[in-house]
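Me: I have a structure open here and want to go through it with you. Can we start with how you use the word "buried"?

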Amino acid sequence: MTLTNLPPSLIPTLSGEYYTDPAVFAQEQERVFEAMWFCVARGSDLAKPGAFRTFQVGRESVLVTRARDGSVRAFFNVCRHRGARLCTEESGEVKRAFQCPYHAWTYGLDGRLVAAPNLTSMPDVDRTAYGLAGVHVREWLGYVWVCLADEPPSFEEEVQGAVVERLGDVESIERYGVGGLSVGRRITYDVRANWKLIVENFMECYHCATIHPELTEVLPEFADGYAAQYYVGHGAEFGEEVRGFTVDGSEGLDRIPGVAEEQDRRYYAITVKPQVFVNLVPDHVIFHRMYPMAADRTVVECDWLYLPHVVESGKDVSRSVELFDRVNRQDFEACERTQPGMSSRLYAGGGVLVPSEHHIGEFHTWLQNKLDVGPAR
Ligand code: FES
Ligand SMILES: [Fe+2]
């Protein structure tokens, strides 16, 4: 059931079951998260060979590590012998190999099968063919992106293309030197809401005046409800009295040298579907990854990135971090307040989008084109 006979100012949203139905979530896992480029870790999380992290990507567990040659590798976290989960920890470090805790098949950091009980008596077992199954990996902006598809979509078109669509060109983000920045703070949020509510929230600023008093103080144009994501190439300008992108508008940290004059004193926001949000301000970059865990639960990992000397010198970044940490909490609280409504019978036909939210309708169409579950609009 969808809303019909809407006035021209309003267009329909997805119906409630898109946010609650496990069958919809299962298709999203398969056709979105396992099919697209999915950002997992910061390269510096895997500082040296043998450091690893594990992630849920769609329905799969993925093991990401750094090999001896310094390259990042990603594998299905599944033993090739009889399928035991190889690493059960979320992060850690091995010396030179991953050993399965079941029958001790042992894999090098490059995934090759290097040892197993009685392996020498099975000379016909190919060490590569029975090594860990790799998944595609790319590094960009200092982050590790994986793709579980056999034939991954073009990284340039899908990931970098999303930045170009928003900023006009890829140089506009490269000027921030995101790959060379250091993590000054990381906060992980466990949000009791469907991942799409978080995406939709990030795409609009109709809520800014209501729930983000600190943000609209710093970016006065946000009080009008038009998000920085609404116009191509537009960055919201800092208020006249504002000295930096901080919780009280006080001075920020050292400005990133590559940032162009026209990018100074401006805030840019980018959504890279399906699960990354990037925020650019002159002295730091805020980088969100969402990990959809269930139809009603999403873990969000957020990094605040600064020039390396700012982090190394121990400068106080707390006022800087606090601004977007508050914004995040305000946003996630709104998403959590919305999630229960998704299963209300009142929302079976969905809700409506006002003109400043109409671009969210494109996100809905994009998603529906990937799925063949859920009611027709
Ligand atoms: S299942 Fe891993 S060694 Fe047997
Ligand atoms: Fe918000």
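Reply: Buried means under 20% relative accessible area, exposed means over 50%, and partly exposed is in between. One caution before we go on: this is a predicted model.

Me: Fine. Is Arg 289 buried or exposed, then?

Reply: Arg 289 is buried, because its relative accessible area is 0%.

Me: What does Arg 289 form a salt bridge with?

Reply: With Asp 303; the closest N and O atoms of that pair are 3.2 Å apart. Arg 289 sits in strand β16 (residues 284-294) and Asp 303 in strand β17 (residues 297-306), 14 residues apart. Asp 303 is buried as well, with a relative accessible area of 0%.

Me: Which residues are joined with them into one network?

Reply: The network consists of Asp 45, Arg 53, Arg 186, Arg 289, Glu 301 and Asp 303, joined by salt bridges that share partners.

Me: How many salt bridges are there in the whole structure?

Reply: A search of the whole structure gives 23 salt bridges. One of them pairs Glu 28 with Lys 196, with 2.7 Å between the closest N and O atoms.

Me: Are Glu 28 and Lys 196 buried or exposed?

Reply: Glu 28 is buried at a relative accessible area of 0%. Lys 196 also counts as buried, at 0% relative accessibility.

Me: What about Arg 31, what is its salt bridge partner?

Reply: Arg 31 pairs with Asp 372, and the closest N and O atoms are 3.3 Å apart. That pair links distant parts of the chain: Arg 31 is in helix α1, while Asp 372 is in the segment after α9 (358-370), 341 residues apart.

Me: And how accessible are Asp 372 and Arg 31?

Reply: Asp 372 is exposed, with a relative accessible area of 56%. Arg 31 counts as partly exposed, at 28% relative accessibility.

Me: Where in the chain are His 207 and Asp 331?

Reply: His 207 is in the loop between α4 and α5 (208-211), and Asp 331 is in helix α8, 124 residues apart. His 207 is buried, with a relative accessible area of 12%, and Asp 331 is buried too, at 6%.

Me: Where is Asp 325?

Reply: Asp 325 is in helix α8 (residues 318-342). Asp 325 is buried, with a relative accessible area of 13%.

Me: What does Asp 325 touch?

Reply: Ile 187, Tyr 189 and Trp 304, leaving out residues up to four places away in sequence.

Me: Cysteines next. How many disulfides does the structure hold?

Reply: One. Cys 205 and Cys 208 form a disulfide, with their sulfur atoms 2.0 Å apart. The torsion about the S-S bond is about -115°, so the disulfide is left-handed.

Me: Are those two cysteines buried or exposed?

Reply: Cys 205 counts as buried at 2% relative accessibility, and Cys 208 is buried with a relative accessible area of 3%.

Me: Last thing. What does UniProt place at residues 37-146?

Reply: The UniProt record, an unreviewed entry, places the feature "domain: Rieske" there. In the model, residues 37-146 are 0% helix and 41% strand, and the end C-alpha atoms of that span lie 6 Å apart.

Definitions and conventions: Residues are numbered from 1 along each chain as its sequence is written. Chains are lettered from A and ligands numbered from 1 in the order in which they are written. This is a predicted model: local features need pLDDT of at least 70, side-chain atom pairs count only at pLDDT 80 or more; totals for chains, interfaces and linings use all residues. Side-chain values use heavy atoms; hydrogens and water are left out. A salt bridge is a side-chain nitrogen of Lys or Arg within 4 Å of a carboxyl oxygen of Asp or Glu. Buried means under 20% relative accessible area, exposed over 50%, partly exposed in between (1.4 Å probe, protein chains only). Helices (H or I, at least four residues) and strands (E, at least two) are DSSP runs, numbered from the N terminus. Contact means heavy atoms within 4.5 Å. UniProt positions are given in the numbering used here, feature names are shortened, and annotations may be inferred rather than shown by experiment. A disulfide is a pair of cysteine sulfur atoms within 2.5 Å.
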